[in-house]
Amino acid sequence: MSNDNNAVAVAVEKEGWLAQRSNQYAVGIMALVLLGSLWTLSIDTRYIYLLVYVWFGMVYGMFLQYGRFCMAAAVRDLFAVGVPRMAVGMMIAVALYSIIAATVTVGGFSTFHPNAMGWHIMLGGLIFGFGIVFTGGCASGSLYKAGEGNVGSMLVIVAISFSQAIFVSASGWFDRLMPTAWVESAVAKDMPEELSVQDGWFDIFTAGYVWDLKGATLAETLGIANPFVASFLVNTLVVTILPTIAILVLLYAVYYKKGYMRRVKISAPQFGDHVRGMWSMFTSSKNTAIAGIGLGIFAGLQMWVTGALRDHYQIYNFGEMLSAMGHTTGLSIQDTVFDPGYWYITTQEAQWGGWIMQQMGINMTDNIFFGLENGLPNPLLNAPGFMSIGIILGAAVLALSRREFKWKLPSLETAMFALIGGTLMGLGARIGMGCNIGAFFATVTNGDPSGWVFLAGMTLGGYLGVKAFNLWIERRSAKQDECEL
Amino acid sequence: MAVKFEQTGEGEYRLDVCGYSCPHPQVYTKKALQKMASGDVLTLVFDNPSSGESIIAMCDNEGNDLYERNSEGGQSIWKIRKA
């Protein structure tokens, strides 16, 4: 670029934004997604169903990057550095999404299915919560950080993918650790022989334990038929909004009030001071709050759009559409694939890992998770998989345009943390039936109380994880002379 | 790659946590500030944008003055005066 004369300088200034290399990359990614979408639609317009996942993924990626919206930080930063920023942002997103989810449900377009309630949710949350302290991000957080060029976060995604695929398909001596009652109950389900439900601890756990549990929204449990009362008053107000307010008040009282009162120099606060303090807590990180609002709204919209598309194409699951298009490889024995219709992260990543292992000649479909429930589609036809890719791309676009993209190679320590933490996240996500999105965010906002149990487990896991992390860095600091921390 | 914390002058410290992602930068910043005396200045160098948001909140909460924020090429150099 030449600066030899004023005309050129003015032209450069005018075109300055696009003259920046990082902005060119950002525009390039957007153009690729647009052209890719048009090309896909030119093959078959029904692919719009898959593309909706990509587009919503990109929007999520942008909001996540914009607000540094990582739910791992919600629990971790509370215990590690006493900062409630992300916990507050998460609660804002939860409250907003629940209101839109209720509207979508009343409109008849909800795609939500409750999780079975049991101790496994708490245990899964605990293992997941412990793991996220070491990976530096939750499942969605690792995706957006991968979009910022963080190679360590990419390793986390690899670890989550393969650990889940291995956990749900492995069988061996540890099958014997499963209670006999579970084995008997699993066998009694009379499942197709090719699934071999008596082999593999996850199959025995799923068929012999989880399937015997009940999962329902609170309105379903109470038998409330009126859709407005069920969705807005019971599922949203009682299950989501009231606990959210209680958590926000608790966060304010424990983590924010003292610092706020010191800043505004009030020694004997009245009720009004506390209200202003709460407001200050909401707005203290505007980026996080804006991301929470955006994510809450778009997560609800995605459910509505996918529900409307299912209605339009008269399908219940993307597998039917794939079958109709002639793509029958990779479907489950029920001719379905994983297709939640809302924000979800971990299952599609398990499918990536499972698909690769299948290509390596390992039988990955003789289990309930892939063989019966979710299928193992080619990643090019994995609709929710494209949502995860969309998150990476959306975050990359925004990070590039904000000059925040930087390739970051992990140290050996960070890589080790990423792989071990990612493996724990994968294990926790499968036992707990999802990550902080699928098992918490999507559930509590749709009236399924099991999500709060997952959050309780994740919080306890996060607390223990921070304790373990602090022990690690103290041990490490003691060994290093240059670091006297 | 290692965390570097050093005294660079009278009441001046420098913490370099480049290459580390959450929660390392915020945890090390908290530890560094705990080592310092009131009025001391910490120059913090990091390259994990997410940690920045938590460090802002942490300074707000504890009354530390985050008075300078520079970013270049994905790297941030911030200055914090301990309350």
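This is a predicted model: local features need pLDDT of at least 70, side-chain atom pairs count only at pLDDT 80 or more; totals for chains, interfaces and linings use all residues.
Reader: Is helix 8 of chain A mostly covered or exposed, and how many of its residues are buried?

Author: Mostly covered: 9 of the 9 residues in helix 8 (residues 139-147) of chain A are buried. Among them are Ser140(A), Tyr144(A) and Lys145(A).

Reader: What follows helix 8 of chain A?

Author: Gly149(A), with a positive phi near 95°.

Reader: Where in the chain do Tyr49(A) and Phe318(A) lie?

Author: Tyr49(A) is in helix 4 (residues 48-66) of chain A and Phe318(A) in helix 16 (residues 318-325) of chain A, so the pair links distant parts of the chain, 269 residues apart. Tyr49(A) is buried at 1% relative accessible area, and Phe318(A) is buried at 0%.

Reader: Why is the pair of Trp279(A) and Phe282(A) called edge-to-face?

Author: Because the planes of Trp279(A) and Phe282(A) stand at 85°, with the ring centres 6.2 Å apart; the cut-off for edge-to-face is over 60 degrees. Both residues lie in helix 14 (residues 271-283) of chain A, about one turn apart.

Reader: Is Trp279(A) buried or exposed?

Author: Exposed, with a relative accessible area of 57%. Phe282(A) is partly exposed, at 22%.

Reader: Chain B now. Which ring does the charged end of Arg69(B) sit over?

Author: That of Trp78(B), 5.4 Å from the ring centre. Arg81(B) lies over the face of Tyr67(B), at 4.7 Å from the ring centre.

Technical notes
Residues are numbered from 1 along each chain as its sequence is written. Chains are lettered from A and ligands numbered from 1 in the order in which they are written. Side-chain values use heavy atoms; hydrogens and water are left out. Buried means under 20% relative accessible area, exposed over 50%, partly exposed in between (1.4 Å probe, protein chains only). Helices (H or I, at least four residues) and strands (E, at least two) are DSSP runs, numbered from the N terminus. Rings of Phe, Tyr and Trp (its six-membered ring) pair if their centres lie within 6.5 Å; planes under 30 degrees apart count as stacked, over 60 as edge-to-face and the rest as tilted. A charge sits over a ring if NZ of Lys or CZ of Arg is within 6 Å of the ring centre and within 35 degrees of the ring normal.
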